Every structure is written in C-alpha cells, then in structure tokens.
Amino acid sequence: MKELKSHVMQTRSRTRSKEWFERAQLSLVEGVNSPSRGAAVYTSGPIMLERGKGSRVWDIDGNEYIDFMMSFGALIQGHANATIVKTVCEAMAEGSHFAAATSAEVETAERFRRMVPSAEVVRFTNTGSEATMLALRLARAHTGRRKFLKFEGHYHGWYDPYLLNANSHPPEQLGTVENPARIPDSEGIPLSIFDDVILAPWNDVAALERILTEHGRELAAVITEPIMANMGCILPREGYLQRLRELTRECGALLILDEVVTGFRYAPGGCQEYFGVQPDIGTFGKALGTGFPVGAVAGPRSILDRMQWSDKMVLHYGTFNGHRLTMKVVAANLDMLSAEGTYAKLHTVGNAAIAGLREVFRRRKVKAIVQGFGPMFQIYFTERAAIHDYRDYCKYVDTKLYSRFVHALLERGIYMTPSNGLHWIISTAHTEQDVQVLLEAADQACSGLA
Ligand SMILES: Cc1ncc(COP(=O)(O)O)c(C=O)c1O
C-alpha cells in the first residue's frame, strides 16, 4: 500500500511561550485573565497565541495549529475574516463608539430580529454574563417573583446567583438527585443569595414535574441551555425542552433559553429555531460578535419594554452597550451567516469530524464517545454509551485522560483546550481538509493513551 504524506504539524519548541508565561505571572494573576486559560488547564503552561488566520493560529514560537477551540466558540467566522477586518477598519476610521443613538445599532437589531424567531425586540450587552444577569432581572420584574430554577452543571456566566453547582465535583460530593448537595462555585458570595435558587437535575422530565409542582408558582424563571455546553456537549432528550416549555407556561415562570453558546451556531435562529422551542427570554453572546465582546437579550415587548424609562423600570445601563464598532461587526457577521449554505457547510464539516473521530476510536479500540452534532461536539473517554447530565459527567467521564489526549494533539498542530467541560467548535473557516488533519493527529494521539 502506498504511504500517504502526513499533514500533521509537529510542534517544535515552546521556549518563548514558557518565557512569556514566567513574565506574565509577575503582573497577572496566574499569568492570565481567566483561570480557564492558565496552568490549571494547560499542564505544561499556557501556549501564548500571537496570530490567527482562517482556521489557523500561530503561537509565539512560530508553531502552527488548526484551532478547534475558536475563542470558546466566539469565532464563528474563524480568525481575521477579510470582511470583518474591512468592516472594523472602516468603522474605526469614523470613530469607534459614541455612547449615543446610532444607525449601526438599528441596522444590527433589524438583522437580529430577522434571524431569531422570538426576538420582537433586542437589547445589546457587552458579554453573555451581562445578558443572563439582565434576563433574570427582567423575569423577576415581570413576574413579581424572586426565586428561579437553574440546572445542575449549567453555567450562565459569573453573576452571583448562577454560581451554584456549575463546576464538576467528585460523585460522592453530589448528594442525591432528590436532595442535591448545593455547592457554590465561588468564594465571596453571601450564601443567602442561593436561598432564591431552586436546583434541579437536567434532562429528567419526572424530576422537573416533581420540582415544578412543588415550587413552580414561586418561580420568576427557569433558565436552561438548550444543549448543555458546560460539561462538554450534552443533548436534550427527545421532547425534554418542549415539556419544559409546557411546564413553565403552566406555572407562570418565564423560560430563559441561554443561547450564549448555541445562538447563531446551529441555525440562523439558534436552538430555539432548531428545536422549535419559543422562550420568553433568549440570551446570546459568543458567535454573535465573531470575536468582539457582545451579548444580547431578546424577547417580546411585553417583557423587554420594562426597561423603558420610568420610576418602575428595570435598570440596564452600560457605557459600551451597542458599541458602534461592535454593532458594525455583528451586522457584517449576521449577513455572512444569513448567506445560503452557511449552516449546511457548518453541519457537514462538523459531522465529518464527529464521524471520523468515532471511527478513529473504534479502530484504535479506545473507549471514547463523541457527542453532539454539526458545529459543536465533545469527546468523552467513558464506558457509557452516552452522557446525559451533570451526574453522568461527574461519575463516568475520565477528564484526566481527555486532558492527556488533547495535550498530545497540541504537540501535533491541533489547538484545543484540555478542559473536558468545553467543546470542539467548527467555524465557517474550517474545511474538510482541516478535519482530515485532525483525524490523522487524533489517530497518532491515541497510540499514547494506553
Ligand atoms: C451558556 C453560557 N451562558 C453565559 C455565559 C457567559 O458569557 P460570557 O463569558 O460572554 O460572559 C457563558 C460563557 O461561557 C455560557 O457558556
């Protein structure tokens, strides 16, 4: 059989990354600006990235990688997309931001409304965290209720009340499904904040019915991701989101669909379009800004108009809200995403990667599954056929083996975070050739796993 030429890019030295990381630690906490980028995740120290183009990134030592992390999913158009670069240059030359009304924010909001089914109106924020924070405030004001329900293992940003059981923990610490241990994710939050939080297991209709029967009428909102993306990529069971929609409606709690990860990724209108579930409030971020910091809250006027100026308004200020440069970028991004065939390509490339990885693990006899579909997926080293929720993830997933596997890929020109809680991202810049290189690198990485 003829030997095929390998396209895997072997990483050479990371000397300069190491030197810069030493220097970084003198001025920055842990040498980074978010713990998920630091040495707690990258065991041999973070890789300093300097440049990106299309699906590729280069580190400070000149090593080239195909990037499958894509800024935790923000870069739906890949790196340095030519249209975005042009848009930024032109907009910047006119002035970045005025903190005043602009035509740019109107044009962007019009595009947003055309794409997102539930968006009668939209309010732009600067991050996903700000969007989910605002969503809860709106829900409380609208319903006159204080409590809300969040699911185990879901992350909705770093706002105090959401930071309960968003991190994974050893199974023996979790308590029972009926009486889950309530584990704050951060110091510095008064425990009384969590008195208003009802914690529930996700993807479990019976548990949901039981909990909503007991607490439903006290709830301002139930917040959920449509696809659980904080423990990798966990799909909702058939009919789960639809049942959640019915039950929240029955008890008068608003359904907040947190699409910060899934929005503009699976379909033009995100998962609310893909799964056909109409939330009361939708939150967005990441892919919306294709690398620029932006979030959004969308829904009906009856809820969002509560932000209108009055002595009973829901307050939402922000110097950088509707940032002009960012609005121009978002408009250009939404135009590109609306082009015929964009989502079909994202799904085709992603599904090729998923099928290929499954085949590699099968051939190499590695006990691993690949969960998700199309533009977002995750690999779990597990004996299970599927991971359905937080407890499955905490109990059955070998996250250390995953980290070793990804570190082996990082040596072979594939850029990905070694954190199993994140997910592989396909952008419009990825090609089937990129997938072939990934599969070859994954095949090589498997040989070191035994
Ligand atoms: C589902 C979800 N909601 C909200 C957020 C917060 O977004 P940001 O990091 O932009 O504040 C995240 C971030 O990862 C997220 O995954």
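Q: Two strands pair if DSSP finds at least two bridges between them, so what makes strand 12 and strand 14 (residues 424–425) a pair?

A: Two bridges join them, and they run antiparallel. That meets the cut-off of at least two, so they count as paired. Within this pair, Met 376 sits opposite Ile 425 of strand 14. This is a predicted model, where local features need pLDDT of at least 70 and side-chain atom pairs count only at pLDDT 80 or more, while totals for chains, interfaces and linings use all residues. Residue numbers start from 1 along each chain, as its sequence is written.

Q: Why is 376–381 called strand 12?

A: Strands are DSSP runs of E with at least two residues, and helices are runs of H or I with at least four, both numbered from the N terminus. Strand 12 has six residues, so it clears the strand cut-off.

Q: How do you know which strand joins strand 12 in a hairpin?

A: That's strand 11, with two residues between the strands. Six bridges join these antiparallel strands, so they also pass the pairing test. Ile 369 stands opposite Tyr 380 in strand 12, and Gly 374 in the hairpin takes a positive phi near 55°.

Q: What makes strand 12 buried or exposed?

A: A residue is buried if 20 or more other C-beta atoms, placed from the backbone, lie within 10 Å of its own, exposed if 12 or fewer, and partly exposed in between. Six of the six residues of strand 12 are buried, so the strand is largely enclosed by the rest of the structure. Met 376, Gln 378 and Tyr 380 point one way, Phe 377, Ile 379 and Phe 381 the other, and all are buried.

Q: How do you know where domain 1 and domain 2 lie?

A: Their bounds come from an automatic or database domain assignment. Domain 1 is 15–80 + 341–446 and domain 2 is 82–338. Their centres, taken over C-alpha atoms, are 25 Å apart.

Q: What makes residues of the two domains count as touching, and how many do?

A: Two residues are in contact if their C-beta atoms, placed from the backbone, lie within 7 Å. The contact takes 29 residues from domain 1 and 34 residues from domain 2. On the domain 1 side, strand 12 is among the elements that supply at least two residues, and helix 12 gives the largest share, five residues.
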